[in-house]
Amino acid sequence: MEKISARITGGKTLKGKIGVSGAKNAVLPVLASTIMLGGETTLLNIPSIGDINSMVRMLNSLNIRTEYRADESIHILNEKKVRHIAPYELVTAMRASFFVAGPLLAKTGFAKVPLPGGCSIGLRPVDIHIQGFEKLGVEINFEHGFVEFSALNLKGNQIDLPFPSVGATENIMMAACLAKGETVIRNSAREPEIVDLANFLIQAGALIEGVGSSTIHVQGVQSLSGVKDYFVIPDRIEIGTLLIAGGLTGGDIEIENVNSSYLSSITDMLTEAGLIISYQDNNVRCSFNGDIHPVNIVTAPHPGFPTDMQAQMMTLLTAASGHSVVKETIFENRFMHVHELIRMGASITIDGQSATVKGGKLSAADVKITDLRAGAALVLAGLIAEGKTTVHGLHHLNRGYYNLIGKLRTLGAEIDL
Ligand code: UD1
């Protein structure tokens, strides 16, 4: 894989208007769900980023044809017999590949999927997915690193999730679409990307109610059909990252075509930190010129503050006038950006799952990206550090952001690749 770096000259003020891409975390389950659909589907607003390309390769390996088009749409043709074995190299490269289990079970009655294993931010087991499938009547065997699922007839049931896992909610909801009878998922996750997946499935003919709340009802149907021109929601994490870039550099930026209703868990916190957020029509604007206030943050399932914004928020707080405490409750190892921020002069101490950030100034250094959102945090840090920061390992960033560096440059950042 290409390992590129970026050289960022700190101190430039970001200004201007920019658009954002479709939400990676909505596109991935939507793509997986096309395994269950017959015929043709077209999805719009699909960025060509590493994780989405991996899911497309997964569909191809399962005998589903795809064509990615220059207008950021993808055409999917599901007309041949779907294979039910997910290749090891794709699942281990990207955890979200495990999302194919539910749709494969619904479509073929079988799925053989490698256990995804941990990743750099945590152990990330799939026990909640598996317990949910068992409730739907699925027989499960673990063999040679694979999980083998079989269920000739999926049967609806009441499922109480021990934790509102995003992936488990999606996987179980997808499988339930073609199960016999009603499935009720309690303590379900409520993320906007799950709502988007459900909206897509409803257009395909699924009967789903309550999504976005903590109880989802799915009435099984016989079959689902292809969907024409489904437009995936904009990426709220990309929006949040760009808003921070604007505020942090004392700039004034406007992001076009956002959906304000699902941004508040991020923008409320930015406002508390002193950034000025306003909406006009479908655009959100962030301007700032003053002191960044220290804030205390606890990551939590939606509608709480998203863990996927924790690293970027921490960079913002390195510039605050005082102490902030950031508590990570979702993943057990999501502070790897901290050590790199410290190399740039940040004053941060970690105590278990909490980090105390004392605001101050950053200075340029060579830093290394270890995971997607840590990468965004380090690029943001480079924008305000004194001097030229070299951020290594940009391939991590490109897994989840489409052209973030290009967008920052459009807004006035000085970044050389
Ligand atoms: C999704 C997002 C990811 C985001 C996360 C939390 C996608 C593709 N990824 O990941 O960007 O950071 O939600 O908002 O949508 N857990 C278990 N057992 C399980 C499932 C999860 O213990 O069976 C634990 C995980 O290890 C983790 C926590 O629950 O500590 C949250 O995981 P989950 O909500 O499932 O996140 P993902 O779906 O993996």
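**Views of a predicted chain**

**Figure 1. Contacts across the chain.** Among contacts in the chain with a separation of 6 or more, 73% join residues 24 or more positions apart. Contact means heavy atoms within 4.5 Å. This is a predicted model: local features need pLDDT of at least 70, side-chain atom pairs count only at pLDDT 80 or more, and totals for chains, interfaces and linings use all residues. Residues are numbered from 1 along each chain as its sequence is written, and side-chain values use heavy atoms, with hydrogens and water left out.

**Figure 2. Overall build of the chain.** The chain holds 13 helices and 24 strands. These are DSSP runs, numbered from the N terminus: helices are H or I, at least four residues, and strands are E, at least two. The C-alpha atoms fill a box of roughly 60 × 45 × 40 Å along the principal axes. Of the 417 residues, 57% are buried. Buried means under 20% relative accessible area (1.4 Å probe, protein chains only).

**Figure 3. Helix α11 and its cover.** Helix α11 spans residues 336-343. Which of its residues are buried? They are M336, H337, V338, E340 and L341. An α-helix has 3.6 residues a turn, so residues three or four places apart point the same way.

Terms used. Buried means under 20% relative accessible area, exposed over 50%, partly exposed in between (1.4 Å probe, protein chains only).
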